[in-house]
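Hi there,

Here is the structure I promised to pass along. Have a look at it first, and then read my notes below.

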Amino acid sequence: QVKIVTIGGGSSYTPELIEGFIRRYEELPIGEMWLVDVERGKEKLRIVSELAQRMWDASPYQVKVHTTLDRREALPGADFVTTQFRVGLLEARIKDERIPDLHGMLGQETNGAGGIFKAFRTIPVIGQIIDDMRELCPDAWLINFTNPSGMVTEAAIKKFGWKKTIGLCNVPTIAQMRESGNIGETEEELTYQFAGLNHFHWHKVTNRDGEDVTAEVLKHVNEKNGGTPVNIYQEPFPEELLDSMKMVPCGYHRYYFMQREMLEHSIQEFKKGGTRAEQMYQVEHELFELYAQPGLHEKPEQLGKRGGAYYSDAACECISAIYNDRHLRMTVSTENKGALPCLAPDSIVEVSSLISARGAEPIAWGEMPPAARGWLQLMKAMEECVIEAAITGDYGLALEAFTMNPLIESGKEGKRVLDELLVAHEKYLPQF
Ligand code: NAD
Ligand code: G6P
Ligand code: MN
């Protein structure tokens, strides 16, 4: 029987994960589940784990949910370690989003200055988790969902040497679900091919006859149900840009391709109702009030307000595909191995892959057109600077990453944002 350890178990997303495991129990027989959190998340962990246990108890299966604030107690013998933690909780995200906004730059969880600081706080912790795994569960798979998912996965594999790491995101899942409906097909009839980086990929779609239907999908990208997660403002892409790219951009490309419009919207929201993080603070509060109700035995619908909805589908499918050696086609963050020749073979990319007992085997994409190639090379180089700075605490490299990042102003103002964020997050950044 399978032992699952979830780090950041107090997350409001945990009921999704439990629902996914209950649905797949016959193919993925779970023996025990451990939810790990830290002192500050103790109350969240208590409420979520009690709901998780009620969910299992209401199912036909007997699974015990254990909790601990010491991951070393949970890890021994784990088969899969899933990570969904947030160092500094939502309060830290509020700073990541507010401080750049106050300087007229985009405040966003995984992009721009905020995303870089989320990496700075998270990468040292993933390194410590891997140190413990090496000792306590040397054969376990690390299924990472913690953002910035691509950079955290790259650090885990390339810097900390945990080859059995797979990075996940719900953006491809949502795109596939919505787009198939938009062109009047079922998901099963279409073949999707994704390539790029986490929150920076494109995809193409073919139908069951092998015909490229990407142009048809592109017609619906600007619609309300175009396939973008709810956390991203749906500023329309210029039609001519879509026609010229001939690939479907992911929702996060809006921050780069319509930078001023997205920034203006974000600052407007910030003035009106606070940053997305502040709004999610409220949503999280409401969710936990619901979770605490002893009569609740299932995932409440309100979780759909969070951008990460359906992530459990990705996490549980991936785990089941490894466990059952299914060779299942899924989009994950994994080693490039030549799938995108414009990036190094050992770079971590987010690409369609076959998931089996050996992990993820990326499917070759081939050359990218010049514009996409330029973006990918810039963004990957920026990520490399961020990862190295996160490990070494090198201020100059952090400033280089800031200077390269298209969403951060270069010069004195960008440096001011860097300095303010370093002070704001001081207690979570011992490396600087
Ligand atoms: P959250 O603020 O609820 O944090 C989750 C839990 O992590 C909290 O209970 C917190 O106490 C705990 N935690 C903090 N530091 C920890 C540590 N060192 N060890 C163990 N636990 C720790 O966050 P959330 O909104 O539920 O999101 C969780 C994570 O998942 C975030 O990193 C978020 O960015 C990520 N996420 C990823 C995707 C994706 O597509 N990959 C989608 C949504 C969310
Ligand atoms: C998206 C992403 C995540 C992101 C999240 C934000 O869909 O894939 O990586 O962090 O949702 O959601 P939130 O509701 O917290 O703003
Ligand atoms: Mn994501």
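Helix H2 (residues 42-57) packs against helix H12 (residues 276-291) at an angle of about 50°, and their axes are 9 Å apart. Because of that angle, H2 counts as oblique to H12. Please keep in mind that this is a predicted model.

The crossing of H2 and H12 is left-handed. On the H2 side, Lys-44, Ile-47, Val-48, Leu-51 and Arg-54 take part, and they meet Glu-284, Phe-288 and Tyr-291 of H12. Sorted by type, the residues in this contact of H2 with H12 are 5 nonpolar, no polar and 3 charged.

Helix H5 (residues 112-136) and helix H14 (residues 370-392) have axes that come within 8 Å and cross at roughly 45°. H5 passes H14 in a right-handed crossing. From H5, the contact uses Ile-116, Ala-119, Phe-120, Ile-123 and Pro-124, while H14 brings Met-382, Val-386, Ile-387, Ala-389, Ala-390 and Ile-391. What types of residue make up the contact of H5 with H14? There are 11 nonpolar residues, no polar and no charged.

Is Met-133 buried or exposed? Its relative accessibility is 0%, so Met-133 counts as buried; the cut-off for buried is under 20%. Leaving aside residues up to four places away in sequence, Met-133 touches Leu-75, Val-81, Pro-138, Ala-140, Trp-141, Leu-142 and Trp-162. Take Leu-75 from that list: Met-133 and Leu-75 are 58 residues apart in sequence, yet their C-alpha atoms are 6.8 Å apart in space.

Finally, the metal. Which residues coordinate the manganese ion (ligand 3)? The donors are SG of Cys-169 and NE2 of His-199, at 2.1 to 2.4 Å. This pair links distant parts of the chain, as Cys-169 and His-199 are 30 residues apart. Cys-169 lies in the loop between strand S6 (165-167) and helix H7 (171-182), whereas His-199 lies in the loop between strand S7 (191-197) and strand S8 (200-206). Both Cys-169 and His-199 are buried.

Happy to talk any of this through with you.

Best wishes

Technical notes: Residues are numbered from 1 along each chain as its sequence is written. Chains are lettered from A and ligands numbered from 1 in the order in which they are written. This is a predicted model: local features need pLDDT of at least 70, side-chain atom pairs count only at pLDDT 80 or more; totals for chains, interfaces and linings use all residues. Side-chain values use heavy atoms; hydrogens and water are left out. Axes are lines fitted to C-alpha atoms, for helices over the stretch in contact, and angles run from 0 to 180 degrees between N-to-C directions. Helices (H or I, at least four residues) and strands (E, at least two) are DSSP runs, numbered from the N terminus. A crossing is left-handed if the near helix is turned anticlockwise from the far one by less than a right angle, and right-handed if clockwise. Contact means heavy atoms within 4.5 Å. Ala, Val, Leu, Ile, Met, Phe, Trp, Tyr, Cys and Pro count as nonpolar, Asp, Glu, Lys and Arg as charged, and the others, Gly among them, as polar. Donors are N, O and S atoms within 2.8 Å of the metal (3.2 Å for Na, K and Ca); water is not among the atoms, so sites may look incomplete. Buried means under 20% relative accessible area, exposed over 50%, partly exposed in between (1.4 Å probe, protein chains only). Angles under 35 degrees count as roughly parallel, over 145 as roughly antiparallel, 65 to 115 as roughly perpendicular and the rest as oblique.
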